[in-house]
Amino acid sequence: MRLTLTRPDDWHLHLRDGAMLSIALAHSARQFARAIVMPNLKPPVTTVAEATAYRARILAALPKGLAFEPLMTLYLTDHTPPEEIRKAADSGFVKGVKLYPAGATTHSAAGLTRIENANPVFAAMESAGLPLLMHGEVTDPEVDIFDREKVFLDTCFAPLIQRFPGLKAVMEHATTRETVEFVRHHYRAGVAIAATLTAHHLRYNRNALFQGGLRPHRYCLPVMKRETHRLALLEAATSGHPAFFLGTDSAPHPQNAKEAASCCAGCYSAPHALELYAQIFESAGALDKLEAFASFNGADFYGLPRNREKITLLKKAQNVPDHYPVAGATLVPLCAGETLDWQMQPETGGT
Ligand code: DOR
Ligand code: ZN
(Lines give C-alpha, C1' and ligand atoms only; values in the text may rest on other atoms or scores of the structure.)
(Ligands and ions follow the chains in the order given, each with its own letter.)
Protein backbone atom coordinates (compact mmCIF):
# COMPACT_ATOMS: atom_id res chain seq x y z
CA MET A 1 0.00 0.00 0.00
CA ARG A 2 1.27 3.46 -0.85
CA LEU A 3 0.08 6.96 -0.19
CA THR A 4 1.13 9.88 -2.38
CA LEU A 5 0.67 13.35 -0.97
CA THR A 6 1.57 16.90 -1.82
CA ARG A 7 4.83 17.53 0.04
CA PRO A 8 3.81 18.69 3.54
CA ASP A 9 5.03 21.59 5.70
CA ASP A 10 5.71 21.75 9.43
CA TRP A 11 4.01 24.81 10.93
CA HIS A 12 5.81 24.60 14.31
CA LEU A 13 9.40 23.41 14.58
CA HIS A 14 12.46 23.85 16.82
CA LEU A 15 15.70 23.58 14.87
CA ARG A 16 18.12 25.01 17.51
CA ASP A 17 21.60 26.07 16.43
CA GLY A 18 25.12 24.66 15.94
CA ALA A 19 25.56 20.87 15.88
CA MET A 20 21.95 20.24 16.90
CA LEU A 21 20.74 22.36 13.98
CA SER A 22 22.58 20.18 11.46
CA ILE A 23 20.91 16.96 12.53
CA ALA A 24 17.46 18.40 13.28
CA LEU A 25 17.38 20.20 9.94
CA ALA A 26 18.40 17.11 7.97
CA HIS A 27 15.60 15.12 9.61
CA SER A 28 12.92 17.74 8.94
CA ALA A 29 14.01 18.69 5.43
CA ARG A 30 13.77 15.04 4.36
CA GLN A 31 10.00 15.26 4.75
CA PHE A 32 8.88 18.86 4.81
CA ALA A 33 9.22 21.59 2.18
CA ARG A 34 8.92 24.45 4.67
CA ALA A 35 8.72 24.97 8.40
CA ILE A 36 7.82 27.76 10.78
CA VAL A 37 11.02 27.93 12.82
CA MET A 38 10.68 28.78 16.50
CA PRO A 39 12.81 31.65 17.83
CA ASN A 40 13.54 30.37 21.37
CA LEU A 41 17.30 30.22 21.00
CA LYS A 42 19.58 31.44 23.74
CA PRO A 43 19.57 34.43 23.36
CA PRO A 44 16.20 34.56 21.57
CA VAL A 45 15.63 35.79 18.02
CA THR A 46 13.92 39.11 18.72
CA THR A 47 14.74 41.27 15.69
CA VAL A 48 14.57 40.96 11.92
CA ALA A 49 18.37 41.32 11.84
CA GLU A 50 18.72 38.28 14.16
CA ALA A 51 16.17 36.32 12.13
CA THR A 52 18.15 37.13 8.97
CA ALA A 53 21.34 35.77 10.53
CA TYR A 54 19.59 32.66 11.91
CA ARG A 55 18.00 31.97 8.54
CA ALA A 56 21.43 32.16 6.90
CA ARG A 57 22.82 29.64 9.43
CA ILE A 58 19.92 27.29 8.66
CA LEU A 59 20.43 27.53 4.92
CA ALA A 60 24.19 26.98 5.36
CA ALA A 61 23.48 23.80 7.38
CA LEU A 62 21.08 22.33 4.81
CA PRO A 63 22.41 19.05 3.37
CA LYS A 64 23.10 19.14 -0.36
CA GLY A 65 20.22 17.92 -2.50
CA LEU A 66 17.49 18.89 -0.05
CA ALA A 67 15.19 21.79 -0.78
CA PHE A 68 13.80 23.43 2.34
CA GLU A 69 12.49 26.89 3.10
CA PRO A 70 12.77 28.13 6.68
CA LEU A 71 9.93 30.50 7.58
CA MET A 72 11.22 32.65 10.39
CA THR A 73 9.57 34.02 13.53
CA LEU A 74 10.38 36.74 16.05
CA TYR A 75 10.29 36.20 19.80
CA LEU A 76 8.00 38.72 21.45
CA THR A 77 9.37 40.44 24.56
CA ASP A 78 8.07 43.23 26.82
CA HIS A 79 10.34 45.54 24.81
CA THR A 80 9.58 44.58 21.18
CA PRO A 81 9.07 47.89 19.35
CA PRO A 82 5.98 48.03 17.09
CA GLU A 83 8.25 49.32 14.30
CA GLU A 84 9.92 45.88 14.19
CA ILE A 85 6.63 44.43 12.95
CA ARG A 86 6.62 46.52 9.78
CA LYS A 87 10.21 45.43 9.11
CA ALA A 88 9.22 41.81 9.72
CA ALA A 89 6.27 42.01 7.35
CA ASP A 90 8.47 43.65 4.70
CA SER A 91 11.26 41.06 5.06
CA GLY A 92 9.37 38.47 3.05
CA PHE A 93 10.62 35.61 5.23
CA VAL A 94 9.42 36.45 8.75
CA LYS A 95 6.01 34.80 8.85
CA GLY A 96 4.96 35.11 12.48
CA VAL A 97 5.66 36.45 15.96
CA LYS A 98 5.85 34.01 18.87
CA LEU A 99 4.29 34.77 22.21
CA TYR A 100 5.81 32.91 25.15
CA PRO A 101 4.36 33.89 28.50
CA ALA A 102 7.53 34.41 30.60
CA GLY A 103 8.42 31.17 32.37
CA ALA A 104 5.92 28.97 30.48
CA THR A 105 8.45 26.62 28.87
CA THR A 106 11.98 26.03 27.53
CA HIS A 107 13.88 29.31 26.99
CA SER A 108 10.85 31.46 27.71
CA ALA A 109 12.43 33.67 30.41
CA ALA A 110 12.55 36.64 28.00
CA GLY A 111 8.85 36.27 27.11
CA LEU A 112 5.94 38.54 27.99
CA THR A 113 5.42 39.22 31.69
CA ARG A 114 1.90 40.57 30.93
CA ILE A 115 0.16 40.02 27.61
CA GLU A 116 -1.18 43.60 27.62
CA ASN A 117 2.42 44.86 27.52
CA ALA A 118 2.44 44.01 23.82
CA ASN A 119 -0.82 45.77 22.85
CA PRO A 120 0.94 48.24 20.50
CA VAL A 121 2.75 45.31 18.87
CA PHE A 122 -0.52 43.37 18.42
CA ALA A 123 -2.07 46.44 16.79
CA ALA A 124 0.85 46.62 14.36
CA MET A 125 0.54 42.89 13.62
CA GLU A 126 -3.18 43.18 13.05
CA SER A 127 -2.68 45.89 10.44
CA ALA A 128 0.31 44.16 8.82
CA GLY A 129 -1.51 40.79 8.69
CA LEU A 130 1.38 39.09 10.52
CA PRO A 131 0.17 36.10 12.56
CA LEU A 132 0.63 35.75 16.32
CA LEU A 133 1.78 32.25 17.33
CA MET A 134 0.99 31.48 20.94
CA HIS A 135 2.33 29.18 23.57
CA GLY A 136 -1.11 29.19 25.15
CA GLU A 137 -0.55 28.47 28.82
CA VAL A 138 -0.79 30.72 31.86
CA THR A 139 2.20 30.62 34.18
CA ASP A 140 0.49 31.28 37.52
CA PRO A 141 1.89 28.57 39.83
CA GLU A 142 -1.50 28.45 41.57
CA VAL A 143 -3.08 27.06 38.39
CA ASP A 144 -2.86 23.29 38.06
CA ILE A 145 -0.50 22.36 35.22
CA PHE A 146 -3.24 20.38 33.46
CA ASP A 147 -5.52 23.46 33.45
CA ARG A 148 -3.05 26.07 32.20
CA GLU A 149 -4.14 25.93 28.57
CA LYS A 150 -7.83 26.20 29.38
CA VAL A 151 -7.24 29.15 31.72
CA PHE A 152 -5.18 30.84 28.97
CA LEU A 153 -8.18 30.65 26.61
CA ASP A 154 -10.47 32.39 29.08
CA THR A 155 -8.10 34.94 30.58
CA CYS A 156 -5.74 35.74 27.70
CA PHE A 157 -6.94 34.59 24.29
CA ALA A 158 -10.61 35.58 24.50
CA PRO A 159 -9.79 39.15 25.67
CA LEU A 160 -7.09 39.40 22.99
CA ILE A 161 -9.62 38.57 20.25
CA GLN A 162 -11.96 41.20 21.71
CA ARG A 163 -9.24 43.84 21.59
CA PHE A 164 -7.85 42.83 18.17
CA PRO A 165 -10.60 41.07 16.21
CA GLY A 166 -8.55 41.21 12.99
CA LEU A 167 -5.40 39.65 14.45
CA LYS A 168 -4.47 36.30 12.89
CA ALA A 169 -3.58 33.97 15.74
CA VAL A 170 -2.54 30.33 16.17
CA MET A 171 -2.87 28.27 19.35
CA GLU A 172 0.30 26.24 18.95
CA HIS A 173 0.42 22.58 20.01
CA ALA A 174 -3.21 22.47 21.19
CA THR A 175 -3.79 19.85 23.86
CA THR A 176 -7.38 20.21 25.04
CA ARG A 177 -10.97 19.73 23.95
CA GLU A 178 -11.65 23.30 25.09
CA THR A 179 -9.09 24.66 22.62
CA VAL A 180 -10.62 22.68 19.76
CA GLU A 181 -14.06 24.04 20.65
CA PHE A 182 -12.70 27.58 21.05
CA VAL A 183 -11.05 27.51 17.64
CA ARG A 184 -14.13 26.09 15.92
CA HIS A 185 -16.39 28.62 17.63
CA HIS A 186 -14.34 31.69 16.73
CA TYR A 187 -13.56 30.42 13.24
CA ARG A 188 -17.30 30.11 12.61
CA ALA A 189 -17.68 33.69 13.81
CA GLY A 190 -15.17 34.82 11.17
CA VAL A 191 -12.08 35.26 13.37
CA ALA A 192 -8.86 34.18 11.64
CA ILE A 193 -7.65 31.72 14.25
CA ALA A 194 -6.21 28.24 13.96
CA ALA A 195 -4.40 25.56 15.95
CA THR A 196 -1.44 23.32 15.24
CA LEU A 197 -1.48 19.71 16.42
CA THR A 198 1.57 17.61 17.24
CA ALA A 199 2.04 13.92 16.52
CA HIS A 200 2.80 13.24 20.17
CA HIS A 201 -0.40 14.86 21.48
CA LEU A 202 -2.41 12.95 18.87
CA ARG A 203 -0.72 9.66 19.74
CA TYR A 204 -0.47 9.76 23.52
CA ASN A 205 -2.54 10.74 26.51
CA ARG A 206 -1.05 11.54 29.91
CA ASN A 207 -0.94 7.89 30.96
CA ALA A 208 1.86 7.47 28.42
CA LEU A 209 4.08 9.67 30.57
CA PHE A 210 4.05 7.03 33.28
CA GLN A 211 3.87 3.84 31.21
CA GLY A 212 6.10 1.32 33.00
CA GLY A 213 7.96 4.17 34.76
CA LEU A 214 8.57 7.86 34.19
CA ARG A 215 9.11 8.45 30.45
CA PRO A 216 11.17 11.63 29.96
CA HIS A 217 11.20 11.46 26.17
CA ARG A 218 7.43 11.89 26.18
CA TYR A 219 7.55 14.95 28.44
CA CYS A 220 6.74 18.19 26.67
CA LEU A 221 4.86 21.41 27.30
CA PRO A 222 1.94 21.78 27.25
CA VAL A 223 1.92 18.43 28.99
CA MET A 224 -0.23 15.64 27.54
CA LYS A 225 -3.80 15.54 28.85
CA ARG A 226 -6.48 12.89 29.47
CA GLU A 227 -7.84 10.58 26.79
CA THR A 228 -11.00 12.68 26.24
CA HIS A 229 -8.76 15.54 25.14
CA ARG A 230 -6.62 13.37 22.88
CA LEU A 231 -9.80 12.13 21.18
CA ALA A 232 -10.94 15.71 20.61
CA LEU A 233 -7.58 16.58 19.01
CA LEU A 234 -7.78 13.49 16.83
CA GLU A 235 -11.29 14.39 15.71
CA ALA A 236 -10.14 17.94 14.85
CA ALA A 237 -7.08 16.76 12.91
CA THR A 238 -9.02 14.20 10.89
CA SER A 239 -12.08 16.40 10.31
CA GLY A 240 -10.64 18.29 7.35
CA HIS A 241 -11.50 21.57 9.11
CA PRO A 242 -9.20 24.27 7.66
CA ALA A 243 -8.28 25.73 11.06
CA PHE A 244 -6.34 22.63 12.16
CA PHE A 245 -2.97 21.76 10.68
CA LEU A 246 0.30 19.97 11.22
CA GLY A 247 2.92 21.41 13.59
CA THR A 248 5.26 18.85 15.08
CA ASP A 249 6.75 20.98 17.87
CA SER A 250 9.71 18.64 17.45
CA ALA A 251 12.09 19.96 20.11
CA PRO A 252 15.49 18.25 20.43
CA HIS A 253 17.34 18.14 23.75
CA PRO A 254 20.47 16.04 24.41
CA GLN A 255 19.78 12.71 26.09
CA ASN A 256 21.52 13.79 29.30
CA ALA A 257 19.23 16.82 29.60
CA LYS A 258 16.14 14.62 29.16
CA GLU A 259 17.25 11.79 31.44
CA ALA A 260 17.97 14.16 34.30
CA ALA A 261 16.61 15.00 37.75
CA SER A 262 14.91 18.01 36.14
CA CYS A 263 14.02 16.86 32.64
CA CYS A 264 13.73 19.46 29.84
CA ALA A 265 10.38 19.66 28.05
CA GLY A 266 10.36 18.57 24.42
CA CYS A 267 9.69 15.51 22.24
CA TYR A 268 12.00 14.90 19.31
CA SER A 269 9.66 13.65 16.59
CA ALA A 270 11.35 15.13 13.51
CA PRO A 271 13.00 11.96 12.12
CA HIS A 272 9.67 10.13 11.60
CA ALA A 273 7.07 12.83 11.99
CA LEU A 274 5.13 12.17 8.83
CA GLU A 275 5.14 8.41 9.37
CA LEU A 276 3.78 8.99 12.88
CA TYR A 277 0.96 11.18 11.60
CA ALA A 278 0.17 8.62 8.87
CA GLN A 279 -0.12 5.86 11.46
CA ILE A 280 -2.37 8.02 13.64
CA PHE A 281 -4.64 8.98 10.73
CA GLU A 282 -4.79 5.38 9.55
CA SER A 283 -5.82 4.12 12.98
CA ALA A 284 -8.62 6.72 12.93
CA GLY A 285 -9.70 5.50 9.46
CA ALA A 286 -8.93 8.92 8.01
CA LEU A 287 -5.90 8.57 5.73
CA ASP A 288 -7.87 10.49 3.10
CA LYS A 289 -7.77 13.56 5.38
CA LEU A 290 -4.01 13.55 5.92
CA GLU A 291 -3.15 15.66 2.89
CA ALA A 292 -5.41 18.57 3.87
CA PHE A 293 -4.02 18.52 7.40
CA ALA A 294 -0.36 18.15 6.44
CA SER A 295 -0.10 19.94 3.10
CA PHE A 296 -2.98 22.37 2.51
CA ASN A 297 -4.55 23.94 5.60
CA GLY A 298 -1.40 25.56 7.02
CA ALA A 299 -0.33 27.09 3.71
CA ASP A 300 -3.84 28.43 3.18
CA PHE A 301 -3.93 29.98 6.66
CA TYR A 302 -0.57 31.69 6.17
CA GLY A 303 -1.54 32.84 2.68
CA LEU A 304 1.33 30.93 1.08
CA PRO A 305 1.14 28.81 -2.07
CA ARG A 306 0.58 25.09 -1.60
CA ASN A 307 3.62 22.98 -2.50
CA ARG A 308 3.64 21.38 -5.91
CA GLU A 309 6.00 18.41 -5.39
CA LYS A 310 4.77 15.06 -4.10
CA ILE A 311 6.06 12.57 -1.58
CA THR A 312 5.13 8.91 -1.19
CA LEU A 313 4.65 6.94 2.00
CA LEU A 314 4.83 3.15 1.90
CA LYS A 315 3.03 0.84 4.29
CA LYS A 316 6.23 -0.89 5.30
CA ALA A 317 7.52 -1.46 8.83
CA GLN A 318 10.58 0.45 9.99
CA ASN A 319 12.46 0.51 13.26
CA VAL A 320 13.08 3.82 14.99
CA PRO A 321 16.73 4.08 16.13
CA ASP A 322 17.48 4.16 19.87
CA HIS A 323 19.37 7.41 19.46
CA TYR A 324 21.30 9.64 17.07
CA PRO A 325 24.84 10.89 17.75
CA VAL A 326 25.19 14.65 18.00
CA ALA A 327 28.48 16.41 18.82
CA GLY A 328 29.70 14.16 21.62
CA ALA A 329 26.18 13.65 22.98
CA THR A 330 23.14 11.65 21.89
CA LEU A 331 19.61 12.52 20.90
CA VAL A 332 16.72 10.15 21.60
CA PRO A 333 13.76 10.32 19.20
CA LEU A 334 10.12 9.85 20.09
CA CYS A 335 9.24 6.13 19.84
CA ALA A 336 12.92 5.15 20.10
CA GLY A 337 13.35 1.41 19.54
CA GLU A 338 9.74 0.96 18.40
CA THR A 339 8.47 -0.20 15.02
CA LEU A 340 6.37 2.12 12.88
CA ASP A 341 3.96 0.93 10.18
CA TRP A 342 4.89 3.46 7.50
CA GLN A 343 8.02 4.78 5.85
CA MET A 344 8.77 7.45 3.33
CA GLN A 345 9.84 6.23 -0.07
CA PRO A 346 13.48 7.30 0.02
CA GLU A 347 13.70 8.94 -3.41
CA THR A 348 10.72 11.16 -2.55
CA GLY A 349 12.52 12.31 0.59
CA GLY A 350 15.20 14.05 -1.42
CA THR A 351 18.07 12.11 0.21
O1 DOR B 1 7.96 20.77 24.99
C2 DOR B 1 8.32 21.85 24.58
N3 DOR B 1 9.58 22.06 24.13
N4 DOR B 1 7.45 22.85 24.58
C5 DOR B 1 7.83 24.09 24.28
O6 DOR B 1 6.99 24.96 24.33
C7 DOR B 1 9.24 24.41 23.95
C8 DOR B 1 9.95 23.24 23.46
C9 DOR B 1 11.46 23.43 23.43
O10 DOR B 1 11.91 24.45 22.90
O11 DOR B 1 12.18 22.55 23.92
ZN1 ZN C 1 7.39 24.67 20.41
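Student: In which helix is Gln279 found?

Tutor: Helices (H or I, at least four residues) and strands (E, at least two) are DSSP runs numbered from the N terminus, and Gln279 is found in helix H10, residues 273-283. This is a predicted model in which local features need pLDDT of at least 70 and side-chain atom pairs count only at pLDDT 80 or more, while totals for chains, interfaces and linings use all residues. Residues are numbered from 1 along each chain as its sequence is written, and side-chain values use heavy atoms, with hydrogens and water left out.

Student: Is Gln279 buried or exposed?

Tutor: Buried means under 20% relative accessible area, exposed over 50%, and partly exposed in between (1.4 Å probe, protein chains only); Gln279 counts as buried because its relative accessibility is 16%.

Student: Which residues does Gln279 touch?

Tutor: Contact means heavy atoms within 4.5 Å, and, not counting residues up to four places away in sequence, Gln279 touches Arg203, Leu340, Asp341 and Trp342.

Student: In which sense do E2 and E3 pair?

Tutor: Two strands pair if DSSP finds at least two bridges between them; strand E2 (residues 10-13) and E3 pair in the parallel sense over 2 bridges, with Asp10 opposite Ala35 in E3.

Student: What is the handedness of the crossover from E2 to E3?

Tutor: A crossover is right-handed if, with the strands pointing away from the viewer, the path from the first strand over the helix to the second runs clockwise, and the β-α-β crossover from E2 through helix H1 (residues 18-31) to E3 is right-handed.

Technical notes:
Chains are lettered from A and ligands numbered from 1 in the order in which they are written.
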